[in-house]
Amino acid sequence: MIAKFNITDKDLIAQQKNAIKTTKFHRKARIMVIVIYLLLSMFVLVIADLITMFGFILSLILSPILWKWYEVANIKRFKDILEHNKNKLGVFTLNLSEEGFIKESRNLTEKIQWDDLKQLKEDGERYFLYLTDLQAITIKKEPENMNVEEVKTYQEFIKRKVIN
């Protein structure tokens, strides 16, 4: 089965957002950022001799802002990296077989065995096939070269191969 689709920066940013929200690495990193923030806040309050319940509550209130900032900062950093590394963008051909798949473009070829995939995540338009907690391959749910029936077969095949 051969699928063709175009991967844009929007697709890779969606993959990055998915990773930030679902991977163990990013959950641990966010928690570490919050803990360090709270420790530094308490340190500053002690130094300034302002250790009061108000200071502690203010620090807790600002924590959700820091939680969101982590995602925004990571996406901005990813966009900067993407500007200099365009080989994961463009038109791709996905050749699916019972053993695995080959994802090819003009600049990049990735050959993956189904057994190498750890998990499947998805959003409305894409599948994110995770090889590790941080390495994922993005493919479109609806290839440009398939009709409705072929798309249904394609989606069922991918889900069956990744979940089994």
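**Close-ups of a predicted model**

**View 1. The largest nonpolar core of this predicted model has 32 residues.** Look for Phe101, Leu129, Ile139 and Tyr154, the residues with the most contacts inside this core. With 5 residues, H4 gives the most to the core.

**View 2. Here we zoom in on Leu129 and its contacts.** Setting aside neighbours within four places in sequence, Leu129 touches Phe101, Leu117, Gln119, Leu120, Gln135, Ala136, Ile137, Ile139, Ile158 and Val162. Two of these partners, Phe101 and Ile139, turned up in the previous view among the residues with the most contacts inside the largest core. Another core, of 5 residues, lies apart from the largest one; its members include Ala14, Ala19, Phe128 and Tyr130.

**View 3. An open sheet of 4 strands runs in the order S1-S2-S3-S4.** The pairing is antiparallel. S1 and S4 (109-113) sit at the edges, so to speak, each pairing on one side only. On average, and ignoring direction, neighbouring strands in this sheet are turned by 20 degrees against each other.

**View 4. S3 meets S4 at the end of that strand order.** S3 covers residues 100-104 and is joined to S4 by 5 bridges, with the two strands running antiparallel. For a handy landmark, find Glu104, which stands opposite Thr109 in S4.

Definitions and conventions
Residues are numbered from 1 along each chain as its sequence is written. This is a predicted model: local features need pLDDT of at least 70, side-chain atom pairs count only at pLDDT 80 or more; totals for chains, interfaces and linings use all residues. Side-chain values use heavy atoms; hydrogens and water are left out. A nonpolar core is a set of buried Ala, Val, Leu, Ile, Met, Phe, Trp, Tyr and Cys residues joined through side-chain atoms within 4.5 Å. Buried means under 20% relative accessible area, exposed over 50%, partly exposed in between (1.4 Å probe, protein chains only). Contact means heavy atoms within 4.5 Å. Two strands pair if DSSP finds at least two bridges between them. Axes are lines fitted to C-alpha atoms, for helices over the stretch in contact, and angles run from 0 to 180 degrees between N-to-C directions.
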